[in-house]
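Okay, everyone, thanks for coming. Let me put the structure up, and then we'll walk through a couple of spots in it.

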Amino acid sequence: MKHLASLAMLLAVIGAPAHAQMAWPKGKSAAIVLTYDDALHSQLDIAVPQLDAAGLKGTFFLDGDITPADMLRWRKVQRNGHELGNHSVFHPCPRAMLPDRKNYLTENYDSDRMLGEIAVMNNVLFGIDGATLRTYSVPCSQMRVGGADYTEALRRSGLVKYVRTGGYAYKSVVADFRTLDVFQVPSYGPVDKPDGATLIAYVERVGKAQGLGVLQFHGTGGDYLEVTAGAHQQLVDWLRQHPEVWVAPFQEVMDYVSAHTR
Ligand SMILES: [Zn+2]
């Protein structure tokens, strides 16, 4: 019986699943990633100064709709410790979402064209900040082009290390890291002008789960899909007052997650 018990114990150890939860670095209890899509001026004018004043670093996913003057500003942002990520060149979307951009409808793309755009945007970003490893956020949260999903083609291409997908409030707190696909990292993207309390309630939920929360912003105090400057500042203030929560760029957090899940 004793031997049988030992065998059972051994099997239990061998068969034990990997840890669902993450042991965050430096005793931190959870991780928050602040991401901003579409290279908007309101991000340069409002979000970046707010983050800089608090000493927090975010990730800005740029598309090709940027002028040379913008590029110089984004270069400074990256030199200040923020991450510049890839959001494609022409930001294709499904017809139902942006019907006026008939040359850039995902229905008319295929994965070769999509990957070609991502490669070009990598080069544009290299020209801005000189970095060679990129993360990607999916335009219009749409991984289907020409009727086929390009996630696996992108994974095989080696063009980017990690992918942030769209805003899914229902699954946007990552708490079980055994099942996380680093090419489908969900984000929390509230659409209806969330107030500061709503944003703080979300990061508190992430904190309670000791998980990972990726916020997805567009306009900050301007532009569209806006979070007001005041609400963004409230979130920044809360994060500054809670140093137990790790706030870092997407690539840095995902490098840590990848190194500690396998
Ligand atoms: Zn976008």
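So, what covers the buried residues of α3? The cover includes α2 (41-54), β2 (59-62), β3 (83-86) and α4 (111-129). Keep in mind as we go that this is a predicted model.

Which residues of α3 are the buried ones? They're Asp 70, Trp 74 and Val 77. These three cover an arc of only 50 degrees around the axis, so they end up on the same side of α3.

As for the helix itself, α3 runs over residues 68-79, which is twelve residues. From first C-alpha to last, α3 reaches 17 Å, close to the 16 Å expected at 1.5 Å a residue. And just after α3 comes Gly 81, with a positive phi of about 105 degrees.

Is Ser 187 buried or exposed? Buried, with a relative accessible area of 0%.

What does its side chain do in there? A polar atom of the Ser 187 side chain lies 2.9 Å from the backbone oxygen of Thr 165. The side chain of Ser 187 also makes a polar contact with the side chain of Gln 216, at 2.9 Å. Leaving out residues up to four places away in sequence, Ser 187 touches several others, including Arg 164, Gly 166, Tyr 168, Ser 172 and Val 214.

Technical notes:
Residues numbered from 1 in each chain as written. Predicted model: local features only at pLDDT ≥ 70, side-chain atom pairs only at ≥ 80, totals over all residues. Heavy atoms only, no water. Buried < 20%, exposed > 50% of the residue type's maximum accessible area, 1.4 Å probe, protein only. Polar contact = N/O pair within 3.5 Å; in protein donor to acceptor, adjacent residues only side chain to side chain. Contact = heavy atoms within 4.5 Å. Helix = DSSP H or I, 4+ residues; strand = E, 2+ residues; numbered from the N terminus. Expected span 1.5 Å × (residues − 1). Arc of directions from axis to C-beta.
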